[in-house]
Structures are given as C-alpha cells and as structure tokens.
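Here is a short briefing on one protein chain. Read it alongside the sequence and the model.

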Amino acid sequence: VTYNIDAFVEGDVTVRDVPGQPTTASGELRVTRGTYRAYGKDLDIDRGRLICTGGPIDVPEVDLRAVRRVENVTAGIQARGRLQKPEVTLFSEPALDQANILSYIVFGTSSQQRGSTENAWLAQAVSALTVAGGEQLIRDVGGTLGIEDVRIASGAGNSTSVMLGT
C-alpha cells in the first residue's frame, strides 16, 4: 500500500527496544526524489524528512514540502511538526491567497479563471485542509515505510494515538 507517496528514501534510524520500556528511535529518513498525490494531482516532493530524536518511536517529526509548478507559479503543501499532528499549510511563489494556491495545485490556473462551483469547492477544501491533512500525511508516510495500517485514534479526554500495523 503506497498511500499517495511514490518516493525513494534513504537514511538511517536506530531503534532501541528494551523490555519494560518504550521503544525509542533516533535518526532520519529523507526522500531523495518522489511525488505526493494530493487532490488528484502528483506534486513533486522538494523536501521530505522523517526525524526521530531519540524519544518514543511513535512520535517522530515530519518535514514535507510538495509542489506543483505551473508556468511562473510554484504552489504546494507543506507539513511540519510532530507526525501525529503536523502543521499543514499551503504556500506559493509568488505569494497568493489560499484559494488561488489550491486552485493552482488542483486545476493549474488561478481561481479567477475557474467557475463559481469550483471556487466553492476550493473554499471548502482550504478550510478542511488543516483538519484532514494530518491524518492523511500519517498514512502516506507510514505507507512509504511499509506499514500497511496507519490511523489516528482518539482516546479519553484530549489524548490521541497513532495506530501502526502490518
């Protein structure tokens, strides 16, 4: 299962498993080249890293930047922070508003060149991006690492767990 990522990965992660203690990991995996499929489009991965800092193996950091280039516009998605709940943002060069960035990612044109139905979809997609982006990103990275079943589960209170399985 690939979960929207097609990439070549390199790096080293050292895993430490001591009975009675949490499994820990340190090291980094990097995407050397690849694509991330978002909104039905393949975006080029400019930067992709999974960083384990010596803590529990299930709380790595992620740093992902995937882009679509259309003429003189580069539009993309960026995710940074803890893998369980990364900060997912849209960006562009030159700087555009969020609806236009998503329009370039999905349609390859600005939102001014789209119809009203497509613009309504863009507005909904932008607002949903930060909610759904974290969980999908976790699935994508897990798939790249060969983990077949990756999901977020809510626990008591405000706790959240990442479930990993093969």
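β5 and strand β6 (residues 87-93) pair in the antiparallel sense over 7 bridges. Two strands count as paired if DSSP finds at least two bridges between them. This is a predicted model: local features need pLDDT of at least 70, side-chain atom pairs count only at pLDDT 80 or more, and totals for chains, interfaces and linings use all residues. Residues are numbered from 1 along each chain as its sequence is written, and side-chain values use heavy atoms, with hydrogens and water left out.

**Strand β5 and its partners**
- A hairpin of 4 residues connects β5 to β6.
- Gly76 has Phe91 in β6 as its bridge partner.
- Arg80 is bridged to Glu87 in β6.
- Strand β4 (residues 61-70) also pairs with β5; the two run antiparallel and share 10 bridges.
- Across that pairing, Val70 stands opposite Val73 in β5.
- The hairpin of β4 and β5 has 2 residues between the strands, and Glu71 takes a positive phi near 50° there.
- β5 (residues 73-82) is mostly covered, with 7 of its 10 residues buried.
- Buried means under 20% relative accessible area, exposed over 50%, and partly exposed in between (1.4 Å probe, protein chains only).
- In a regular strand, side chains alternate between the two faces of the sheet.

**The whole chain**
- The chain has 2 helices and 8 strands.
- From the N terminus on, the order is β-β-β-β-β-β-α-α-β-β.
- Helices (H or I, at least four residues) and strands (E, at least two) are DSSP runs, numbered from the N terminus.
- Of the 166 residues, 37% count as buried.
- The accessible surface comes to about 9,300 Å², and 48% of that belongs to carbon and sulfur atoms.
- Accessible areas come from the Shrake-Rupley method with a 1.4 Å probe; for residues, only the protein chains shown count as cover.
- Among contacts between residues at least 6 apart in sequence, 39% join residues at least 24 apart.
- Contact means heavy atoms within 4.5 Å.

**Arg16**
- Arg16 sits in strand β1 (residues 5-16).
- Is Arg16 buried or exposed? Arg16 is exposed, because its relative accessible area is 54%.
- Leaving aside residues up to four places away in sequence, Arg16 touches Pro22, Thr23 and Thr24.
- Arg16 and Pro56 are 40 residues apart in sequence, and 9.4 Å apart in space, C-alpha to C-alpha.

**Cavities**
- On a 1 Å grid over the protein atoms alone, a cavity is a set of points where a 1.4 Å probe fits but cannot get out; lining residues have an atom within 4 Å of a point.
- Grid points are joined across faces, edges and corners, and a volume is the space filled by probe spheres set on the points.
- The count comes to 2 cavities of 30 Å³ or more.
- The second largest cavity holds about 30 Å³ of space.
- Its lining includes Ala25, Ile51, Cys52, Pro56 and Val59.
- Strand β3 (residues 41-56) gives the largest share of that lining, 5 residues.
- The lining divides into 7 nonpolar, 2 polar and no charged residues.
- Ala, Val, Leu, Ile, Met, Phe, Trp, Tyr, Cys and Pro count as nonpolar, Asp, Glu, Lys and Arg as charged, and the others, Gly among them, as polar.

Note on methods: On a 1 Å grid over the protein atoms alone, a cavity is a set of points where a 1.4 Å probe fits but cannot get out, and a pocket is an open set with protein on both sides within 12 Å along at least five of seven lines; lining residues have an atom within 4 Å of a point.
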